[in-house]
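Please read them with the coordinates open.

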Amino acid sequence: MLGTWLNLNKAGVIGLNRRNVAFINELNPRRRMRLVDDKTITKELAEKAGIPVPELYGVISNWYDMGSLRERLKQPGGLVIKPANGSQGNGILLISRPMASGSYQLANGRRTSFEDVQFHVNNIASGMYSLSGQPDKAMLEYRVRFDTVFDAISFKGVPDIRIIVVRGIPVAAMLRLPTAQSDGKANLHKGGVGVGLDLRSGETLTGMQNGAVVDIHPDTGNSLAGITVPHWDQMLTMAARAYDVTGLGYLGADIVLDKERGPLLLELNARPGLAIQVALRSGLGHILDAAMDADSQDKDAAQRVEMGQALAA
Amino acid sequence: MNSSAHTRILALLCLTIGLGIFVYKTSSFQTPLTAEVQETVWDIELFIDFMARDEPVRVEAFIPGTAGGRQIAQEQFYNGAFGHRVVEGAALTEDGEVAPQNRLNRKSIWTYRYPNDRKILRYQGRITAQDGETPIAPFGKKAQANLLARIADDVKRQAFLVWSSDLQRQSADADSFAALVVEQIFSEQPSDEVLTLLKDLPPSTARLVLARNVLISQKIPARIANGVVLTGPMRQAQVQHWLEYAPDGVGLRYFPGEALDRFFAIWFGEKPLIQADGAYELSAQISLSPVVVSGEIAAAMSGLATAPLVSWLRFDRLPLTTQLVYGVLVTIPVGITLLVFLRQFIGVQTLGTFMPVLIGIAFRETALWNGIFLFSLLVGLGLAARFYLERLKLLLVPRLAVILIFVVICMAAISLAAAGSGQNIGLSISLFPMVIMTMTIERMSIVWEEYSAWDAIKQGMGSLIVAALSYLVMSNNQVEYLMFHFPELLFVLMGLCLLMGKYTGLRLSELIRFRALAKRS
């Protein structure tokens, strides 16, 4: 056991304690956390700064807004309903299209009634998925038509890319893939697959699922390695700019790749998890320390991306 | 100064203060670090609380008597503005004459002409426990009284005569007469005569009064003793009644129900503990606490009482009821510190932050296995209800309310079911914190749905394990003794928690989580 402990320390593997004390408490001022906890604020800030985001169709936070729900659901291309203050992908409902019968087709192929959607929106608004249980609002936004580049290694749903940014420098990235087990969500807690990405090339490396290392996608059976993420430098720049917008020194930027619109910033996370270490099969400690010491303050986003790629080399 | 250095300095300060006082107390005054709780010496407190309404108030309360060589140490009265005197023995008269049992009694009498508002009166003393071996205080010579004359009801008088002469015929001497009396009065199905005679007597002491009367009518000295059972620290002790009699000049005790191991007689006779005029909403409470007395600690404590710096840092200066509260309160930080360790170093996942410790506190009342059983049962039932409610698609807050009400219904049902089967878990379940149970159920069901059943059970088990461990630590006698007598250790716990707040290493659970990464390097 002591051997494991020493090995992990040598490999620079960090735990939740170190993440909380040395990075979140150190780099993320509490009053700024609000900017990313509420996704409507994040979206607004990102739009102002010119970072592309999925279009917002509407926000429902009270009984009055609820009256317009049926109207707002009339998006022929479907839409996503999610809590503005949600965490870890909880409470997200993916509607792929409204049906003639008045019910809705979900992304996982099931059908749901308007009442069920209304109940879900109600639950969101009453704070069921919010971080502190406070009343929340439901966001209705553009449903991403994901690029076909990941078709061979994803099962329904939307794959997304998580980039960890420390003091504005992108330091690590992973591709998150939905599986049958995760119900179409790219959520590692629910059995999604995480694939480490080469920070310089955007090429997929190795994967993990349910905390264990994997090399093939469990549903499609295809090898996870060797796929290059398109628009890679643009994604890194978007993640780096998220730091300028929020001022959070330790954040995870979640980016999706739309078929037509290219990379879109989905949300920011002020408490990104540590499973990325298993996906990359290496500890984050060393590169995080290097980013803490790096002089990033007067550099613009593109320069910081280069710094991160140099650190990762 | 960066935050790490700041934390370390603060932690060091806490540890220095705490350990400094601790070492000072143990070395300079030889305060022992362990003490066996002796169960022979107890602190007793009588706490009287009432409303006064601008009319003269007179409160009389029996306090432990000193007749028969009994020693009551460290007596204290809290009288407020009341006039106060203590009357004992022959000076206690009832209807102008000295009742025989009053020879042994002592009364505290508080009076005030125009009191107003809520008033509190308090008596505290240190007593020596009695047990089966303790000799019975001698009976007075004036044991017999003309009881027949006092029975006003003809039917009753007749029943008394018939029954007592029957008993007399069936017995050979005073000894066998007394045995018969006790047997017949306290039998499961008493005879019709006994039932007639028991009528109109206060139910709690009826049989004792009758037994005493019959014995006295046959010139056998007898009296009713009222006191408390000494089983452990208690904030609201029940008054117990028993019979003391001496058929052949040898004192005997008869306890209705089970015989008591360790007890203390506060007063004798059938009068209530407290008689009051002009006092409204009167409530009286007897608190008991075993005293940790060894020669060593007594000496140390008297040394500490005069020491300049640490003399105020002692809980035994507080009233007994407050002492009993602090006895429990100061152990909670130990449980909390344990919880911090389990979360930060081991990585045990729990539902809610301090919830497990609160459950652990509830275990104090239920004992460990009962507590774990009840907790699992309630959470299990609540989860079942929660999954059913999911189908009804209710709003969050009303749904929580429904679950809370359901939890209360389950608690009541368990109590009622247990009452029928003679189990005493029924009472203790009501002390389970129901709001915490409700939140546990809600969180667990969300984890169940959002993650998996396995995650939910894992976190539930984690909570239960932390609750059980914190209970074991908090109820440990040594921990209780140390925390109560050395409250400065609270600073040490605070220092430890400060240090743990800056621990950045891996948790034990993370060694398993990241084990794949250890193999590669």
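This is a predicted model: local features need pLDDT of at least 70, side-chain atom pairs count only at pLDDT 80 or more; totals for chains, interfaces and linings use all residues.

1. Local features are reported only where pLDDT is at least 70. Totals for the interface use all residues.

2. Extent of the interface. Chain A brings 37 residues to the contact, and chain B brings 28 residues. Together the two chains bury about 3000 Å². Carbon and sulfur atoms supply 61% of that area. On the chain B side, the residues that lose the most area to chain A are B:Glu450, B:Tyr451 and B:Leu517. These three account for 20% of what that side buries.

3. Polar features of the interface. How many salt bridges link chain B and chain A? The count is 0. Polar contacts do occur: 5 residue pairs cross the interface, with both residues at pLDDT 80 or more.

4. The chain B side of the contact.

5. One four-stranded sheet in chain B. The strand order is S4-S5-S2-S12, the sheet is open, and the pairing is antiparallel. Which strands form the edges? Strand S4 (83-88) and strand S12 (274-277) of chain B do, each pairing on one side only. Neighbouring strands are turned by 15° against each other on average, direction ignored. Inside this sheet, S2 (residues 57-63) and S5 (residues 106-112) of chain B run antiparallel and are joined by 7 bridges.

6. Another four-stranded sheet in chain B. Here the order is S3-S6-S1-S13, again as an open sheet with antiparallel pairing. Strand S3 (73-78) and strand S13 (279-290) of chain B are the edges. The twist averages 10° from one strand to the next. S1 (residues 41-53) of chain B pairs with S13(B) over 10 bridges, in the antiparallel sense. In that pairing, B:Leu46 stands opposite B:Ile286 of S13(B).

7. A helix on that sheet. Helix H8 (residues 320-329) of chain B lies across S1, S6 (116-128) and S13 of chain B. Its direction is at about 55° to S13(B).

8. Strands S8, S9 and S10 of chain B. S8 (residues 222-229) and S9 (residues 240-245) of chain B pair in the antiparallel sense over 6 bridges. B:Asn226 has B:His241 in S9(B) as its bridge partner. S9(B) also runs antiparallel to S10 (residues 252-254) of chain B, joined by 3 bridges. Here B:Tyr245 is partnered by B:Leu252 in S10(B). What is the phi of B:Gly249, in the hairpin of S9(B) and S10(B)? B:Gly249 takes a positive phi near 80°, and the hairpin has 6 residues between its strands.

9. Salt bridges. Over all chains the count comes to 31. One of interest is the pair A:Asp244 and A:Arg304, with the closest N and O atoms 3.0 Å apart. This pair links distant parts of the chain, the two residues being 60 residues apart. A:Asp244 sits in helix H8 (residues 232-246) of chain A, and A:Arg304 in helix H11 (residues 301-312) of chain A. Side chains of opposite charge can pair when their charged atoms come close.

Definitions and conventions
Residues are numbered from 1 along each chain as its sequence is written. Chains are lettered from A and ligands numbered from 1 in the order in which they are written. Side-chain values use heavy atoms; hydrogens and water are left out. Contact means heavy atoms within 4.5 Å. Buried area is the accessible area (1.4 Å probe) that two parts lose on being put together, summed over both. A salt bridge is a side-chain nitrogen of Lys or Arg within 4 Å of a carboxyl oxygen of Asp or Glu. A polar contact is a pair of N or O atoms within 3.5 Å; within protein, one must be able to donate a hydrogen and the other to accept it, and residues adjacent in sequence count only if both atoms are side-chain atoms. Two strands pair if DSSP finds at least two bridges between them. Axes are lines fitted to C-alpha atoms, for helices over the stretch in contact, and angles run from 0 to 180 degrees between N-to-C directions.
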